[in-house]
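Subject: Structure handover

Hello,

Here is the structure I said I would pass on. My notes on what was found in it follow below.

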Amino acid sequence: MIPFLDLRAINLAQRAELLAAFERVLDSGWYVLGQEVQQFESEYAAWCGAAHCVGVGNGLDALSLVLRAWDIGPGDEVIVPSNTYIATWLAVTHVGATPVPVEPDSDSFNIDPARIEDAITPRTRAVMPVHLYGRPAPMDPIVEIARRHGLRVLEDGAQAHGASYRGQRLGAHGDAVAWSFYPGKNLGALGDGGAVTSNDAKLAVRLRQLRNYGSQRKYHNEEVGFNSRLDELQAALLRAKLPLLEAGNQHRAAIAQQYLEGLADLSPMLRLPTLASDAQSAWHVFVVRHPQRDALAQALAADGVGTVIHYPVAPHLQPAYAFLGLGRGALPMSEAMHREVLSLPIGPTQTQEQTRQVISAVRAAVLALQSNSGAAA
């Protein structure tokens, strides 16, 4: 089997560094909001090129706490991509606001700036672009539209640790960036974790208060807050992993290039991700499109290749969002993507030989499906 992502191998390769981080926390006697969180916040902010970083409990909290810090709530609207993981939408709903979906660009999978302006109403308060699959959304036109309409920009960077847009790492192109450190991310903890990076000092102060019961000083609560603090142990583990992130991303990029070259001649049967001239992807996942996606996934599984669908059901078709009244056909571009996308294995411990095996299996499966379709016709 070639696994989609071998987390055990990734973490065992960093075993010595992770054990040293664990022992450091164990020996410190301080386990919540201590030096490890402070140091990680400082190091990650610097790594992203942002002035501030605030660690929180997970990526969803990172999104929703920023919206709360901006006092966005009932009666407000937030523009979101129609093609994304549901957490982007959930953050908006959790604060009582309404998510307003905008369709993606067909090549990048990311929100299409040309469609954003038509979705703005007097109730719109913010735009939430997602750097989906690790590829940066086109931030310059998004920010320009937002500034012209007096809107905030909250980036969902959960899949894009280390990605760059126009020569600058993601971290503060908009007003804030929300990060997830879920174990499968490019920078993954050994449990849940999240953070917000920003150049806004006032936002950072408010977030530190909101994440800690609404308190800046112990037992003194300025507002109704939450318990959403990046764990001291997870912060130490992330500190151990951060210096290895760039090399891991470069390895992912090399695999992506191997896929692009090895599968190029299968177009248009198999649609490959496109490269952006103004952005560098973190290659969190390598997503292809095929009209017989499920059959392709089954064929690859039979050949020992693990795949994942990111994501099988569009947010507006989830039962959780039936109340929006957006039925099937309301967002056709997103729906088509969710029917066709398939993620191939990619990760920092994947070997060239494994990648060659994946390419061989994909080629055989796609050509077989094409032959069967031709015979059926």
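The lining of the second largest pocket divides into seven nonpolar, five polar and five charged residues. In this count Ala, Val, Leu, Ile, Met, Phe, Trp, Tyr, Cys and Pro are nonpolar, Asp, Glu, Lys and Arg are charged, and the others, Gly among them, are polar. Before going further, please note that this is a predicted model, in which local features need pLDDT of at least 70 and side-chain atom pairs count only at pLDDT 80 or more, while totals for chains, interfaces and linings use all residues. Residues are numbered from 1 along each chain as its sequence is written, and side-chain values use heavy atoms, with hydrogens and water left out.

Pockets and cavity

The search runs on a 1 Å grid over the protein atoms alone: a cavity is a set of points where a 1.4 Å probe fits but cannot get out, a pocket is an open set with protein on both sides within 12 Å along at least five of seven lines, and lining residues have an atom within 4 Å of a point. Grid points are joined across faces, edges and corners, and a volume is the space filled by probe spheres set on the points. Helices (H or I, at least four residues) and strands (E, at least two) are DSSP runs, numbered from the N terminus.

The second largest pocket holds about 390 Å³ of space. Its lining has 17 residues, and L33, N212, S215, K218 and R229 are the closest to its centre. Helix α8 (201-211) and strand β10 (215-217) each supply at least two lining residues, with the largest share, four residues, coming from α8.

The largest pocket has a volume of about 600 Å³. It is lined by 30 residues, and those nearest its centre are Y85, S180, Y182, K185 and Y311. At least two lining residues come from each of α4 (59-69), α5 (87-94) and β8 (176-180). By class, this lining has 17 nonpolar, 10 polar and three charged residues.

One cavity of 30 Å³ or more was counted. The largest cavity has a volume of about 40 Å³, and its lining is made up of G162, E246, N249, Q250, A253, Q280, S281, A282 and W283. Helix α10 (residues 245-263) gives the most to this lining, with four residues. Three of the lining residues are nonpolar, five polar and one charged.

Backbone

Most residues other than glycine have a negative phi, and most peptide bonds are trans. The bond from S267 to P268 is cis, with omega near 5°; P268 lies in the loop between α10 and β12 (279-280). The bond from H310 to Y311 is also cis, with omega near 15°, and Y311 sits in the loop between α11 (293-302) and α12.

F109 is not a glycine, yet has a positive phi of about 75°. This residue is in the loop between β3 (98-102) and α6 (113-119), and is buried at 6% relative accessible area. Here buried means under 20% relative accessible area, exposed over 50%, and partly exposed in between (1.4 Å probe, protein chains only). R166, in the loop between β6 (164-165) and β7 (168-169), has a positive phi of about 50°.

Charged side chains

The whole structure has 21 salt bridges, each being a side-chain nitrogen of Lys or Arg within 4 Å of a carboxyl oxygen of Asp or Glu. One of them joins D107 and R271, with the closest N and O atoms 4.0 Å apart. D107 is in the loop between β3 and α6 and R271 in the loop between α10 and β12, so the pair ties together parts that are 164 residues apart in sequence. Both are partly exposed, D107 at 41% and R271 at 36%.

R148 and E117 meet in a salt bridge of 2.4 Å, N to O. R148 belongs to helix α7 (residues 139-148) and E117 to helix α6, 31 residues apart. R148 also forms a salt bridge with E144, at 2.8 Å; the two are four residues apart in helix α7, about one helical turn. A network of salt bridges links R24, E36, E43 and R239.

E335 is in helix α12 (residues 332-340).

Regards
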